[in-house]
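Dear colleague,

Please find below the structure I mentioned, handed over for your own work. My findings follow directly after it.

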Amino acid sequence: MPPPPHTKPENVLKRAQELIGVGQQQAALSILHEHVTSKRTRNSTIAALEPVMLLFVELCVDLKKGKSAKDGLYNYKNTSQNTNVATIELVFRRFIELAEQKVKEAQAKADEATGTGEADESDEAAEGGDASEVKEKRDTTLANVGDLEAMETPESILLSTVSGEQSKDRTDRAIVTPWLKFLWETYRTVLDIFKNNARLELMYQTTAHQAFDFCKRYTRKTEFRRLCELLRNHLQNAAKYSQQVHAINLSDPETLQRHLDTRFEQLNVAVELELWQEAFKSVEDIHTLLSLSKRTPKNTMMATYFERLTRIFLVSENYLFHAAAWSRYYNLLNISARAVAAGASKKDNPTNITDADLSKSATYVLLSALAIPVISTTRSRGALIDVDAARNTKNARLTNLLGMNSPPTRSILFKDALNKDILQRARPEIRALYSILEADFHPKSICEKVSPILSQIGADEELKKYIQPLQQVILTRLFQQLSQVYTDVKLDDVLSLAQFPDPFQVSAVTIEKFIMNGCKKGDLSIRIDHSTGILSFDSDVFSSAKAQLTGGAAGSAEADAGSVQRLQSTPSEIVRSQLSRLSKALYIAVQYVDPSFNEDRHKAKLAALKRAEAGAEKEHVDLLERREAIQKKKETAATAAATKQREEEQRRKTKQQEMLAAETERLSQEQKDREERRIQAERKKLQREEAEKQLKELQQGVKGIDVSTLDMDDLDTGRIRMLKLQALEREKTEMGEKLRITGKRIDHLERAYRREEVKHLGEDYDAQREKDKKAYDESKAETMRNAETKHKEDVALKHRLSRLVGSYETFKRDITEQRHADFEKRRKAAERELNQKMDQRKREVRDQKATERRRVEEEEHARREDEERQTREAEEAERAAEEKKHKDAQAKAEAEQRRAERSEAARKQMEREEEAEKNRVERKQQGAGAAPTRGTERAPERERPTFEGLRRAAPSDAPPAAESRGPPKLALAGSKPTWREREAMKARGEVPPGEPAAAPAAAPPADERVVTEEAAMPKRTGYLPPAMRGKAPGADSAPPAEAPRERGGERGGERGGDRGFEGSGDKGGERWASRPRPQQDGERSESPAAPSTGGAYKPPGAGGAYRAPGRR
């Protein structure tokens, strides 16, 4: 189905032209951009689309719309690449031409703006100048712009703000630079669109060459690096996505040849721009493409390739591979010359190769080989750990770039030069230099012979660059030859021998530095004694052979020891070769002394030859059979591998096609869904925006309408239009009435003004005419006077300033020299200050390290002391624990001993009390006059001493404890005797109550340790059995009559130590009074029995203070 009429390319083109005609280029570009990026464009014919695209690219260039141009051109490429490739090339070529034309117009405009246009250039050329200098100056100005893609810097914006002058540089930046940026974007856009497309390969390569020319013409180094990286990425992606529909095939010789041509052009531009790193990368790209190519590259291309390599290696100071590249270049020229002479095609070989060209190339080969340093100038093994591996890897890469099987050496290059006719074709002075350095032996005149040759080489600008490396080689040969003749040489003599022509003199410091470097590399073995000024060569017979064998060191560029002729063997060589020389001498002596030795040797040789002849045929046949077997195995393996590879490739392609079809179907369906959703959303959005826009216009343009009460969702276009028409009709009616009234009033007023104005028009006209004429005359006279005065002043100023030109130049030169001298002085001062700061920093670092070392030592010492202290404390704690354990054992043993002693003392005390009890009973039976009662009969049984009674007894000197514990004793009536009774008791020899009783002689006091130990024992309750009531230790010391009082004292003995004894002493007359019958378990006594003698009844506790049962 054809597209709608309004989307036809013819209609779009006509509409765009109409907009351009009224000056609306932006609107025209928008229409064209929408049309060329629409999918409907694919249904249009190429013939109808081509004019649209041409106008589209013109507008994009005029308006600097690079992004829009890229979108439109990309869609046009996709539309036309399957039907008509020529139209794509036409449109893109037009795009590039327009961009280049804009750059030229901008340059012309900038020249015109700064007054350096073609007219000024022709005037300068007429005055002796050259227009090319003006062009070169312009290119230099444009080259100062660092990066076209970078935005304007704050410095440039500030400079343009504060400065009012329009210099050439600023004008170019403001006018030419934007178009240069657009042209660069144009090239990059075209390359991005044409990449990896076999149908557009020619246009791609042409655009790449134009971009290289752009970088070379305007010296765009930054853009050239980006262009090289862009092309490199395109090539990598082409190899990665080689299965695409229109992908390029790098296996095609024509395609590969075009890429090689482009890379060679890239290499040439990189060399001209002196971008050596990019040049080396270009060389690697060329080598990679050459390795992919199945056809032999052209000799013309390879000649250019090796010639560029020589320049790259020379800039990188890699003289070894520089000489190898010259050797390859010479071999290629020689082969090409022979091929052309034999009738080969001149298209693939360098033309016009004359003997002069071969002679020049041979000179370069020989001179570059001579300039290879014998002593390496690279860093030593101590500076880099992996220097050997890195050097081998680098040499392998460079060897591959040169197409050589093994890395070149200095000796191999010389052998190659001698085997061919290089030495004969080289210039005579170069051949003489080769003889002096490599063949002759003249240590004292080598520099003298070489000086004229160096002067001739220095006169040639192309050969002058080899002077410095040749000086290194000459010095090496000088010291090597001196070491074979002398052992000690004066340093002044060496410096006098190492003399070069005047422009190329070498200082003594440089020579000493060279010697030190040679000794460091191991190629020289020299010692310098500055105190005596003697230079000594190492002659130790046991020294290493490294310095004695020229070229045998690791840093040497030579591989054999015979490159320098030897006058005599060194002592170390004599020591090393004495066994081999002895063996040779003995062998010769045996030949003369024993004739049979020679005969046996000759017979053995003949027998070996016969065996070799007999087995040669069989070995040859076996070798051929083995070769055939190996070849068959290789062919079988290759066939199997190829078959397997084809099957895998077929499976991979099939799987990839299936995945691609499925992915394409999925993406197509997703695209359709997204497109439908987008269209619906856009339709709703447009309807709402249209309604809002109409309401806004209605609110702004028509008064008296309130839209706040209207609902946006319920409104449509028809209703909004009706509201607008109603409001406009009402406003129109009101406005018509106002205009009618106002117009009538203005008509009457204007009629009155004009009637009055007619009266004064003539007078006003005459006055105005006179005034204008007077002003004109005054202005004219003032202009003439000013012009004449300014001309005279300018002429006088010119004559006055012309006399100052010479003085100005002299003053400028003096100021320049003075400032240069000041600069040098300040630079030296800065260097001295820097050295001082470096020394100070070194001292600080050393002090810091020493401080840190001391701190670490102190911390280590403190740590050791802390560990020793902890160990000592642990030992002391362990020892204290042992001592405490020992003391506890001793204390326990002493306690056991004291317990045993107390038991023994208690036993003895008990025996004494039993004996005292017997004595008391005997005294009672003898001295008692009254009849015993029931209580006295039971007294012996109750007062039988026990261990509990002894425990409750206290020593006589112990303080009374009853006063401090329990309730106080109650002084009951009848508890104490009267004064008369006490006097009577004293008269009878008895102890009255309240006085201390005399201790019995037979009962010694208890041991204090027993009392202390018993006090520590747990206390018992106050309950006493009936047999123990009224009984206390020491009772035998009181009279028997006081027995009843002893009971109360015995009850008080539990709280106080001697309380019971005091009671028994005070109441000694009542001790043996009658006692009530002891109660049995469960009985209760209401009243005690009456005593037989001694007065009233005394309760059991009457002899002491009252104690509660729990405190007894």
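How are α1 and α3 oriented relative to each other? This is a predicted model, and in it helix α1, residues 9–21, packs against helix α3, residues 46–63, at an angle of about 30°. Angles under 35 degrees count as roughly parallel, and α1 and α3 are therefore roughly parallel to each other. Their axes lie 9 Å apart, and the crossing of the two helices is left-handed. On the α1 side, the contact is made by Pro9, Glu10, Leu13, Ala16, Gln17 and Ile20. On the α3 side, Ala48, Leu49, Pro51, Val52, Leu55 and Leu59 take part. By class, the residues of this contact of α1 with α3 comprise 10 nonpolar, one polar and one charged.

Helix α1 also holds arginine 15. With a relative accessible area of 43%, arginine 15 is partly exposed. The C-alpha atoms of arginine 15 and alanine 27 are separated by 10.0 Å, and the two residues are 12 apart along the chain.

The crossing of α16 past α20 is left-handed. From α16, Thr363, Leu366, Leu367 and Leu370 meet Ile430, Arg431, Leu433, Tyr434, Leu437 and Glu438 of α20. The residues of this contact of α16 with α20 divide into seven nonpolar, one polar and two charged.

Both α16 and α20 are also among the partners of helix α18. In α18, which spans residues 410–419, the buried residues are Arg410, Ser411, Leu413, Phe414, Asp416 and Ala417. These buried residues pack against α15 (319–341), α16, α19 (422–425), α20 and α22 (467–485).

I turn next to the loops. Glutamine 81 sits in the loop between α4 (66–80) and α5 (85–114). Is glutamine 81 buried or exposed? Its relative accessibility is 11%, and buried means under 20%, so glutamine 81 counts as buried. The side chain of glutamine 81 forms a polar contact of 2.9 Å with the side chain of asparagine 197. If neighbours within four places in sequence are left aside, the residues in contact with glutamine 81 are Ile88, Asn197, Arg199 and His246.

Two further loop residues may interest you for their backbone angles. Asparagine 196, in the loop between α9 (168–194) and α10 (201–217), has a positive phi of about 50° although it is not a glycine. Asparagine 196 is buried, its relative accessible area being 15%. Threonine 219, which is likewise not a glycine, has a positive phi of about 55°. Threonine 219 belongs to the loop between α10 and α11 (221–240). At a relative accessibility of 29%, threonine 219 counts as partly exposed.

With kind regards

Definitions and conventions: Residues are numbered from 1 along each chain as its sequence is written. This is a predicted model: local features need pLDDT of at least 70, side-chain atom pairs count only at pLDDT 80 or more; totals for chains, interfaces and linings use all residues. Side-chain values use heavy atoms; hydrogens and water are left out. Helices (H or I, at least four residues) and strands (E, at least two) are DSSP runs, numbered from the N terminus. Buried means under 20% relative accessible area, exposed over 50%, partly exposed in between (1.4 Å probe, protein chains only). A polar contact is a pair of N or O atoms within 3.5 Å; within protein, one must be able to donate a hydrogen and the other to accept it, and residues adjacent in sequence count only if both atoms are side-chain atoms. Contact means heavy atoms within 4.5 Å. Axes are lines fitted to C-alpha atoms, for helices over the stretch in contact, and angles run from 0 to 180 degrees between N-to-C directions. Angles under 35 degrees count as roughly parallel, over 145 as roughly antiparallel, 65 to 115 as roughly perpendicular and the rest as oblique. A crossing is left-handed if the near helix is turned anticlockwise from the far one by less than a right angle, and right-handed if clockwise. Ala, Val, Leu, Ile, Met, Phe, Trp, Tyr, Cys and Pro count as nonpolar, Asp, Glu, Lys and Arg as charged, and the others, Gly among them, as polar.
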